[in-house]
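Have a look at the sequence and the fold, then read on.

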Amino acid sequence: MSLETENPRLGQYVETIAGGEVVRAFVPPPLPPTPAIDLLSLLARLGVAERALGRLDGITVLLPSHELFLYMYVRKEAVLSSQIEGTQSTLTDLLRFETEAGVGQPVDDIREVSNYVAAMMFGLERMRELPLSLRLIREMHQRLLQSGRGATKNPGEFRRSQNWIGGTRPGNALYVPPPIQELDGALNSFERFIHEEASQLPALIKAGLLHVQFETIHPFLDGNGRIGRLLVTLYLCGEGVLQKPLLYLSLYLKTHRSEYYRLLQEVREQGAWEKWLAFFLEGIAETANQAFDAASRIVGLFKNDRERIAAQGERVGSALRAHDFLQRNPLATANRLGQQTGLSAPTVNLALADLEKLGIVAEITGRRRGRVFGYTAYLSILNEGTTPLKSL
């Protein structure tokens with residue numbers, strides 16, 4: 001039985017059975033919204049966001065290696081996005097796992113974050129040959145849930161049972177996504193909107209619409225939030241708004257998560273797209289400016305530390321090679337540093353000792369064997385905002 005709504009922005013509610021209960025599941029209307037988005041009310045925020053993105057895109061020219069920055073920034077995003085879903089891992093936890101990957105098994109939280117890195121890097125690489133599509137989304141999802149707690153939640157497959165958001169059961173849920181019989185239609189409309197051009201909506205506006213629509217459809221049994229946040233950056237890269245995938249919204253959404261969840265629900269219940277888009281555009285601008293600032297500080301840090309190393313007068317060559325490696329791997333063991341740089345074990349140990357004296361690195365384990373050295377100032381910049389969330 002359908003319960004029709006009068007406002008075309010609100011779609012319709014459909015009664016369905018979930019967990020033995022009759023519930024009202026929401027089926028969103030196709031994008032773009034009707035009535036059309038009031039772009040005039042968003043122009044100022046749109047301009048600020050576009051300028052911030054352009055500035056961020058330009059920083060890649062200044063970075064000694066934008067691949068290096070992307071490598072680390074992707075890991076920060078993986079930690080933040082996973083924290084929104086409840087994990088307690090920090091960026092240092094992830095980097096230590098990657099540094100000491102051969103030692104034991106990671107805890108579930110770190111495994112989930114590591115899977116997110118794999119899914120994200122796969123998606124970014126796959127975009128070179130496959131446009132953003134349901135197929136690509138499924139392929140990323142398969143990697144996101146390839147092991148750990150999500151491995152039993154049908155990785156890479158759209159759900160074939162009813163899910164819900166909030167509450168202890170479908171009957172008291174905050175929100176119930178489309179029932180199975182409506183899922184294919186909603187997803188097909190979603191994919192068509194990715195590629196349509198008739199609406200002539202700015203790419204940033206479309207990205208904001210797509211994110212909410214994906215969260216509303218909630219097509220997987222698990223991992224919807226992480227994939228939905230990643231879609232924003234993938235879409236902007238596909239549209240050429242970003243040349244390099246340096247924009248990730250999870251820190252902003254983590255910081256404003258109560259407002260974020262409220263606005264998602266207001267779109268569904270009231271059709272309040274403009275309020276959501278204002279929030280989204282502010283997040284784009286804030287996130288882009290934070291990333292630009294972090295990149296600029298990292299460039300300055302690397303330059304300053306290289307000058308300090310060069311001025312020490314002895315063993316400069318080996319210390320600079322160790323520093324080069326630590327720019328790509330801010331946590332490293334002496335063994336790995338030696339293997340990757342070709343320096344002998346005694347030379348590596350002397351180079352690390354020199355860097356410790358300069359305050360550039362610090363040993364973080366307190367162990368005599370298998371010691372791990374951290375590039376402390378670099379890690380400090382990367383770790384900003386990555387303290388795990390407390391429960392609401």
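This is a predicted model: local features need pLDDT of at least 70, side-chain atom pairs count only at pLDDT 80 or more; totals for chains, interfaces and linings use all residues.

## Around H218

UniProt, in an unreviewed entry, places the feature "active site" at H218. Is H218 buried or exposed? H218 counts as buried, because its relative accessibility is 14% and the cut-off for buried is under 20%.

## The chain as a whole

Stepping back, the chain holds 15 helices and six strands. Its C-alpha atoms fill a box of roughly 80 × 45 × 40 Å along the principal axes. Among contacts with a separation of 6 or more, 67% join residues 24 or more positions apart. Of the 392 residues, 53% count as buried. The chain exposes about 17,200 Å², and carbon and sulfur atoms supply 50% of that area.

## How confident is the model?

Here are the confidence values side by side.

| Part | pLDDT |
|---|---|
| Chain | average 87 |
| α7 | mean 98, highest in the chain |
| β1 (residues 2-4) | mean 45, lowest in the chain |

Across the chain, 93% of the residues score at least 70. Over residues 1-5 the pLDDT is below 50, and this stretch has 15 contacts in the model beyond near neighbours in sequence.

Key: Residues are numbered from 1 along each chain as its sequence is written. Side-chain values use heavy atoms; hydrogens and water are left out. UniProt positions are given in the numbering used here, feature names are shortened, and annotations may be inferred rather than shown by experiment. Buried means under 20% relative accessible area, exposed over 50%, partly exposed in between (1.4 Å probe, protein chains only). pLDDT is the predictor's confidence in each residue, from 0 to 100. Helices (H or I, at least four residues) and strands (E, at least two) are DSSP runs, numbered from the N terminus. Contact means heavy atoms within 4.5 Å. Accessible areas come from the Shrake-Rupley method with a 1.4 Å probe; for residues, only the protein chains shown count as cover.
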